[in-house]
Amino acid sequence: MTALISATLLATAAISGVHGEKPHASSWSNFSLENKIKAMPTGDTLRGQEVHEQMMCNACHGEKGESSSRNYASLNAQTPEYTMKMMLDYQDGRRWETFKQANIMVKIAQAMDNQQIADVAAFYASNPATVWNEPKPVDAKIDRLVRKGDASRMLVPCASCHGAHGEGKDITPAISGQVPEYFVRTMQAYKAKHRLNDVHEGMAQFTHDLTDAEIQALADYYASLTRRQ
Ligand code: HEC
Ligand code: HEC
């Protein structure tokens, strides 16, 4: 309960805009990102669980990273490289979105050192994925978008990067098991160029020509996908 109250206070601080100046970090290149991730310490699952509880990540992201409500991102079964990249991006203000509750992540990440970041990343990666929606028959057009892409819009298939089961790899995130509400919000943030932390703004290109209906259908598809790794 105390954790929830404190998290609410933190969230209120973030919402009232007490997040200071945006730090000016340079964009990643493939090379600088690879080196940074390689230089991170080795994470420890048990220590990660402690950090997750002590820093009250669990108040918003759930006991094991499965998200406590449909408002927050799922972190369970995420690749450790992607989780580490996100925390570094929040720290440096590379990830700086207009969604007000996202500001809290900047403050939280700035309070963490590299070891704590590596530890929580190991903890989330060790927890199984959630299936959010009842599996239902997949729309043929969405299936095509995921597996074949759409040459007329220069859309590369999602599965070619995010994996056949949305399981992700290295810095490419797992997207199956993601909360659909968050999935939609972050895809719209890429599309509107409010989320600009990825290398070469790749996801801004892939979302540019997607319709709102397609984004919603992709979110529902990945939220009902069972992970087979
Ligand atoms: C008050 C609620 C709150 C707390 C506490 C919190 N987070 Fe978050 N976190 C969020 C929200 C909201 C987002 C998604 C922001 C958005 O929509 O852009 C997020 C996003 C993230 C992401 C990016 C997820 C993705 O898929 O890109 C990571 C990683 C993360 N949080 C880790 C943590 C860790 C580690 C802690 C504890 C040290 C923590 N969070 C504590 C609310 C919270
Ligand atoms: C060329 C590879 C590539 C393709 C194709 C691609 N993605 Fe991505 N995607 C990425 C990478 C890399 C990231 C992480 C970007 C970052 O660091 O913020 C990402 C991020 C995302 C995220 C944010 C995840 C989170 O937890 O915040 C979602 C959702 C997503 N992609 C969905 C899709 C969908 C749906 C498609 C197909 C329409 C697609 N992607 C196509 C590489 C790709």
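Biologist: Let's start with ligand 2. How far is a polar side-chain atom of Tyr82 from an oxygen atom of ligand 2?

Modeller: The distance is 3.0 Å, from a polar atom in the Tyr82 side chain to an oxygen atom of ligand 2. Keep in mind that this is a predicted model, and the distances are computed from it.

Biologist: Which of them gives the largest share?

Modeller: That is H10, with five residues in the shell around ligand 2.

Biologist: And how many residues are around ligand 2 in total, and which come nearest?

Modeller: There are 23 residues around ligand 2, and the nearest are Cys158, Cys161, His162, Tyr182 and Met203. Sorted by class, the shell around ligand 2 has 15 nonpolar, five polar and three charged residues.

Biologist: Which domains do those residues come from?

Modeller: Domain 1 (2-9 + 29-126) and domain 2 (140-223) each give at least three residues to the shell around ligand 2.

Biologist: Okay, over to ligand 1. What coordinates the iron atom of ligand 1?

Modeller: From the protein, His61 through NE2 and Met105 through SD, at 2.0 to 2.2 Å. The six donor atoms around that iron atom subtend angles of 86 to 178 degrees, so the arrangement is octahedral.

Biologist: Where do those two residues sit along the chain?

Modeller: His61 is in helix H4 (residues 57-61) and Met105 is in helix H6 (residues 103-110), so the pair ties together parts that are 44 residues apart in sequence.

Biologist: Buried or exposed, those two?

Modeller: His61 counts as buried because its relative accessibility is 13%, and Met105 counts as buried too, at 15% relative accessibility. The cut-off for buried is under 20% relative accessible area.

Biologist: What does the rest of the shell around ligand 1 look like, by class?

Modeller: The shell around ligand 1 has 20 nonpolar, four polar and three charged residues. That shell has 27 residues, and the closest are Cys57, Cys60, His61, Glu97 and Met105.

Biologist: Which side chains have polar atoms by the oxygen atoms of ligand 1?

Modeller: Tyr82 is one of them, with a side-chain N or O atom 2.6 Å from an oxygen atom of ligand 1. Arg95 has a polar side-chain atom 2.8 Å from a ligand 1 oxygen, and Arg185 also has one at 2.8 Å from an oxygen atom of ligand 1. Two or more residues of this shell come from each of H4, helix H5 (80-91), H6, helix H7 (114-126) and helix H10 (180-191).

Biologist: Which element gives the largest share of the shell around ligand 1?

Modeller: H5 does, with five residues. By domain, at least three residues of the ligand 1 shell come from each of domain 1 (2-9 + 29-126) and domain 2 (140-223).

Biologist: Now something away from the ligands. Where is Asp119, and is it buried or exposed?

Modeller: Asp119 is in helix H7. Its relative accessibility is 2%, so Asp119 counts as buried. A polar atom of the Asp119 side chain lies 2.8 Å from the backbone nitrogen of Asp44.

Biologist: Which residues have a positive phi although they are not glycine?

Modeller: Asp170 is one, with a phi of about 50 degrees, and Lys193 is another, with a phi of about 60 degrees. Asp170 is in the loop between H9 and H10, while Lys193 is in the loop between H10 and H11. Asp170 is partly exposed, with a relative accessible area of 40%, and Lys193 is partly exposed with 46%.

Biologist: Last one, the whole protein. How many helices and strands are there?

Modeller: There are 12 helices and zero strands. The protein has 229 residues, of which 45% count as buried.

Note on methods: Residues are numbered from 1 along each chain as its sequence is written. Chains are lettered from A and ligands numbered from 1 in the order in which they are written. This is a predicted model: local features need pLDDT of at least 70, side-chain atom pairs count only at pLDDT 80 or more; totals for chains, interfaces and linings use all residues. Side-chain values use heavy atoms; hydrogens and water are left out. Donors are N, O and S atoms within 2.8 Å of the metal (3.2 Å for Na, K and Ca); water is not among the atoms, so sites may look incomplete. Four donors count as tetrahedral if all angles lie between 85 and 135 degrees; four count as square planar and six as octahedral if opposite donors are over 155 degrees apart and all others between 65 and 115; anything else is irregular. Helices (H or I, at least four residues) and strands (E, at least two) are DSSP runs, numbered from the N terminus. Buried means under 20% relative accessible area, exposed over 50%, partly exposed in between (1.4 Å probe, protein chains only). A residue is near a molecule or strand if one of its heavy atoms lies within 4 Å of it. A polar contact is a pair of N or O atoms within 3.5 Å; within protein, one must be able to donate a hydrogen and the other to accept it, and residues adjacent in sequence count only if both atoms are side-chain atoms. Ala, Val, Leu, Ile, Met, Phe, Trp, Tyr, Cys and Pro count as nonpolar, Asp, Glu, Lys and Arg as charged, and the others, Gly among them, as polar. Domain bounds come from an automatic or database domain assignment.
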